[in-house]
Amino acid sequence: METVEARRFLPTWFASSVALAFAALIMGQHMNIGNPDETTLNRVLALAIVGLVFTLVHWVLGSVVKLLAIPFIIITLGFMLLVINAGLLLLTEWVPSQFGVHFFIDGFWWAVLASLVISIFQSIVWAIITE
């Protein structure tokens with residue numbers, strides 16, 4: 001039997017991948033997905049893989065970390081969510097590199113900015129595709 005989480009997985013993966021692509025486009029050389037000298041198909045495949053890893057990291061690890069950090073999230077009025085999302089994004093950067101997929105973020109503060117951009121674009125894409 002199909003669960004609600006299973007039905008939300010593909011749209012979430014798609015929204016995450018599109019948001020990652022927009023963030024990489026906006027952030028220029030501070031965030032890259034796929035090598036620039038690769039074919040378009042290889043870059044799209046890299047984006048799909050990074051989007052998959054991003055979705056899985058946020059679903060599995062992000063939920064637990066955010067649950068444990070609720071007191072800090074409340075005390076910092078939500079700023080801690082940016083730090084958590086940046087950390088999860090840096091973890092997402094590391095995982096695909098272990099499999100030869102190029103994903104680069106230029107440091108922690110760029111990851112904070114990227115997580116903010118990704119959250120905004122992911123919300124927009126999610127609103128469009130679930131309408």
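**Stop 1: Ser17**

Select Ser17, which is buried, with a relative accessible area of 10%. Buried means under 20% relative accessible area, exposed over 50%, and partly exposed in between, with a 1.4 Å probe and protein chains only. This is a predicted model, in which local features need pLDDT of at least 70, side-chain atom pairs count only at pLDDT 80 or more, and totals for chains, interfaces and linings use all residues. Residues are numbered from 1 along each chain as its sequence is written, and side-chain values use heavy atoms, with hydrogens and water left out.

Ser17 is part of helix H1 (residues 4-27). Helices (H or I, at least four residues) and strands (E, at least two) are DSSP runs, numbered from the N terminus. Leaving aside residues up to four places away in sequence, Ser17 touches Leu47, Ala48 and Gly51. Contact means heavy atoms within 4.5 Å.

**Stop 2: the whole chain**

Zoom out and colour by secondary structure. The chain has five helices and two strands, in the order α-β-α-α-α-β-α along the sequence. Its C-alpha trace spans about 45 × 40 × 30 Å along the principal axes. Of the 131 residues, 34% are buried. Among contacts between residues at least 6 apart in sequence, 73% join residues at least 24 apart.

**Stop 3: helix H4**

Select residues 79-97, which form H4. H4 has 19 residues and reaches 28 Å from its first C-alpha to its last, close to the 27 Å expected at 1.5 Å a residue. The expected span is 1.5 Å times one less than the number of residues. The buried residues in H4 include Ile84, Leu88 and Pro96.

**Stop 4: helix H5**

Now select residues 108-129. Among the buried residues of H5 are Ala111, Val117 and Val125.

**Stop 5: where H4 meets H5**

Show both helices together. How close do the axes of H4 and H5 come, and at what angle do they cross? They come within 8 Å and cross at roughly 105 degrees. Axes are lines fitted to C-alpha atoms, for helices over the stretch in contact, and angles run from 0 to 180 degrees between N-to-C directions. H4 and H5 are therefore roughly perpendicular, the term for angles of 65 to 115 degrees.

Show side chains: the residues that meet include Leu82 and Leu89 in H4, and Phe108 and Ile118 in H5.

How values were computed: Angles under 35 degrees count as roughly parallel, over 145 as roughly antiparallel, 65 to 115 as roughly perpendicular and the rest as oblique.
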